[in-house]
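Here are my notes after a first pass through the model. Have it open alongside as you read.

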Amino acid sequence: MIEFAKVSKQYSRDVFALRDITLSVQKGELLFLAGPSGAGKSTLLKMIAAMERPSSGTLSVNGQSINTIKPSGMPYLRRNLGLIFQQQRLLQDRSILSNVMLPLIVTGAARSDAEKRARAALDKVDLLDKATSGPQELSGGEQQRVAIARAIVNRPQIILADEPTANLDRDNANKVLAALKSFHGVGVTCLISTHDEQYLTGADRIVYLDRGRIVDGWHNGVSHPVE
Ligand code: ADP
Ligand code: ADP
C-alpha cells in the first residue's frame with residue numbers, strides 16, 4: 001500500500017533528510033517510526049501525504065506515484081489519509097464538535113450527516129462529553145485526541161501521526177496511543193512516529209531511523225546502519 005524504493009530527500013546542498021529508504025508498508029499494518037529528533041521521521045511521513053517529494057527514488061501510495069502526482073490528484077490521495085501533524089492546530093474559535101465536522105463539511109457532506117459522524121468519531125476517542133467545549137477548555141492530551149477524531153472522521157485507509165505523544169505525560173500519551181491502536185484494530189494502516197523509546201509497544205513493526213537512514217535499532221542509544 002505504501003512503497004518506498006531507494007528514496008532520498010535532500011533539502012539543500014548538505015542537508016539530506018532521508019537517504020536510500022526502501023520500505024514497504026502493508027495494508028492494515030501498525031508501524032512505529034522511531035528515532036531521535038532530526039532523524040527524518042517527519043519528512044518520511046510528509047512524503048506519504050505528498051507534502052514533500054522525493055529528490056531521488058520512487059514512492060507510491062495506494063498505487064499513486066508521489067513522484068509524479070499532479071495537483072488534481074491531491075484530493076483523492078488526501079481523502080484516504082488521516083493526518084495528525086504538530087502544525088495542524090484546532091481552530092480556537094470553534095467547538096470541538098465543529099472542529100471534527102470540518103473535514104466532512106469541506107468535502108460537501110450534509111450538516112446533519114457530518115454531525116452524526118463527528119459525534120461517532122468523538123465517541124471513539126472517548127470525548128463525546130466535550131463536544132460543545134472549546135479547544136482551550138481541553139488538556140493537551142484531550143486536544144490530541146480531538147486531532148485524532150478529526151483525522152479519522154473521513155474514514156481514511158491510512159493514518160499518519162507525527163509525534164502524537166510529544167509534550168504529553170505518560171498517562172495521556174498512553175491514551176492517545178490506545179486511540180490510534182483502536183483504529184488499527186479495525187483495519188486502518190497506521191504509521192506513528194516517536195523519539196520516545198518507552199512508547200514502542202504493541203506495533204507490528206518498528207522501523208528505526210537515524211540521520212536519514214533505516215538502522216537496525218537503538219543499542220544503548222547508539223544506532224547502527226542495516227547492512
Ligand atoms: P524528525 O522528524 O525525525 O525530527 P525531520 O524529518 O523533521 O526529522 O528532519 C530531518 C532533517 O531534515 C533535519 O536535519 C532537519 O533539520 C531537516 N529539514 C526538515 N525539514 C526541512 C526543510 N523544510 N528545509 C530544510 N531542512 C529541513
Ligand atoms: P457510523 O456508521 O454511524 O458512522 P461507525 O461506528 O461505523 O458509525 O463509525 C464511527 C466513526 O469511526 C466514523 O464516523 C469514523 O469517524 C470512524 N472511522 C474512521 N475510520 C474508520 C474505519 N476504517 N472503520 C471504522 N470506523 C472508522
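1. I started at ligand 1, where an oxygen atom of the ligand sits 2.7 Å from a backbone N or O atom of glycine 38. Keep in mind throughout that this is a predicted model.

2. On its own ligand 1 exposes 560 Å², of which the protein buries 59%.

3. Now the shell around ligand 1. The residues there are Tyr11, Val15, Ala17, Pro36, Ser37, Gly38, Ala39, Gly40, Lys41, Ser42 and Thr43. By type they split into five nonpolar, five polar and one charged. β2 (15-25) and α1 (41-48) each give at least two residues to this shell, and α1 has the largest share, with three.

4. On to ligand 2. Its surroundings are Lys116, Arg117, Ala120, Ala121, Lys124, Ile152, Val153, Arg155, Val186 and Val188.

5. A polar side-chain atom of arginine 155 is 2.7 Å from an oxygen atom of ligand 2, and an N or O atom in the side chain of lysine 124 is 2.9 Å from an oxygen atom of the ligand. Arginine 117 uses a backbone N or O atom instead, at 3.4 Å from an oxygen atom of ligand 2. Taken alone, ligand 2 exposes 540 Å², and the protein buries 69% of that.

6. Which residues touch the most other members of the largest nonpolar core? They are Ile84, Val100, Leu122, Ile148, Ile159 and Leu180, in a core of 41 residues. At least two residues of this core come from each of β3 (30-34), α3 (96-106), α4 (111-124), α5 (140-152), β7 (158-162), α6 (170-184) and β8 (189-194). Another core lies apart from this one; it has 31 residues, including Met1, Ala39, Ala49 and Phe85.

7. Last, zoom in on isoleucine 159. Leaving out residues up to four places away in sequence, isoleucine 159 touches Gly82, Ile84, Ile152, Leu180, Phe183, Val188, Thr189, Cys190 and Leu191. Two of these contacts, Ile152 and Val188, also turn up in the shell around ligand 2.

Methods. Residues numbered from 1 in each chain as written. Chains lettered and ligands numbered in written order. Predicted model: local features only at pLDDT ≥ 70, side-chain atom pairs only at ≥ 80, totals over all residues. Heavy atoms only, no water. Core = buried A, V, L, I, M, F, W, Y, C linked by side-chain atoms within 4.5 Å. Buried < 20%, exposed > 50% of the residue type's maximum accessible area, 1.4 Å probe, protein only. Helix = DSSP H or I, 4+ residues; strand = E, 2+ residues; numbered from the N terminus. Contact = heavy atoms within 4.5 Å. Near = heavy atom within 4 Å. Polar contact = N/O pair within 3.5 Å; in protein donor to acceptor, adjacent residues only side chain to side chain. Areas by Shrake-Rupley, 256 points an atom, 1.4 Å probe, with all protein chains shown as cover. Nonpolar A, V, L, I, M, F, W, Y, C, P; charged D, E, K, R; others polar.
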